[in-house]
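Please open the model in your viewer and display the backbone as a cartoon.

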Amino acid sequence: MKIGIISDTHRKVKKAARAIDTLIRDGAEVILHAGDIVELDILKLLKESGVKYIAVYGNNDAHLAEYHSEYHLVQEPYYFRLANTNFKLMHLPFYLIPDADVVIYGHTHKSSVEFMNNTLFINSGEVCARNKPVSEWAMLEIKEREFIVTLYTRTNKSDSIEKQEFNFKREENE
């Protein structure tokens, strides 16, 4: 299963659309938004994307609460299961403990992929390109014995998207 991951889109609807479109083109079956959605139009993009999605509230998303039941918005930390894998989705990195197979977070605007004690921690970085002139997002491919993470980066005003891949062997749960 391939899972697209975006975070910190803020007010950048076009950048969010590019990230979502790229993930779907590359086979994403689900998209996870790790918070700081900010714009209702970004929720509309997710809903109209044709794939399942989950979006967690970020610290800049309180105004979206009125749309809670219309869109798949959840509060952090949000636990769920996909592809025989336990996930925790959140925005703020306050719960960075290995209590799921995959922990996805945002807020820092810095992409990070770490695998510790059989737990994968992913921050896809910032789609909005606010802190640096680069838009970032990620894809997680789940295989029976392996996690494959692809980090995408697109420099502002560039047509090319760079990809960096990370592979991690999964241990069997006892």
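Strands are DSSP runs of E with at least two residues, numbered from the N terminus. The model is a predicted one.

**Two asparagines in loops**

Begin with Asn118, in the loop that connects β8 (112–116) with β9 (119–123). Its phi is positive, about 65°, although Asn118 is not a glycine. Is Asn118 buried or exposed? With a relative accessible area of 15%, Asn118 is buried, since the term covers values under 20%.

Next, select Asn84, which lies in the loop between β5 and β6 (85–89). Asn84 is likewise not a glycine, yet has a positive phi, of about 55°. Here the relative accessible area is 64%, and Asn84 is exposed.

**A cis peptide bond**

Move to Glu76 and Pro77 and show the backbone atoms. The peptide bond that joins Glu76 and Pro77 is cis, with omega at about -15°. Pro77 belongs to the loop between β4 (73–74) and β5 (78–82).

**Aromatic rings**

Now show the side chains of Tyr78, Phe80 and Phe87. Ring pairs link Tyr78, Phe80 and Phe87 into a cluster. How many aromatic pairs are there when ring centres must lie within 6.5 Å? The count comes to six aromatic pairs. To examine such a pair, note that two aromatic rings are described by the distance of their centres and the angle of their planes.

**A charge over a ring**

Finish with Lys47 and Tyr71. The charged end of Lys47 sits over the ring of Tyr71, at 5.0 Å from the ring centre.

Note on methods: Residues numbered from 1 in each chain as written. Predicted model: local features only at pLDDT ≥ 70, side-chain atom pairs only at ≥ 80, totals over all residues. Heavy atoms only, no water. Helix = DSSP H or I, 4+ residues; strand = E, 2+ residues; numbered from the N terminus. Buried < 20%, exposed > 50% of the residue type's maximum accessible area, 1.4 Å probe, protein only. Phe/Tyr/Trp six-rings, centres within 6.5 Å; stacked < 30°, edge-to-face > 60°. Lys NZ or Arg CZ within 6 Å of the ring centre and 35° of its normal.
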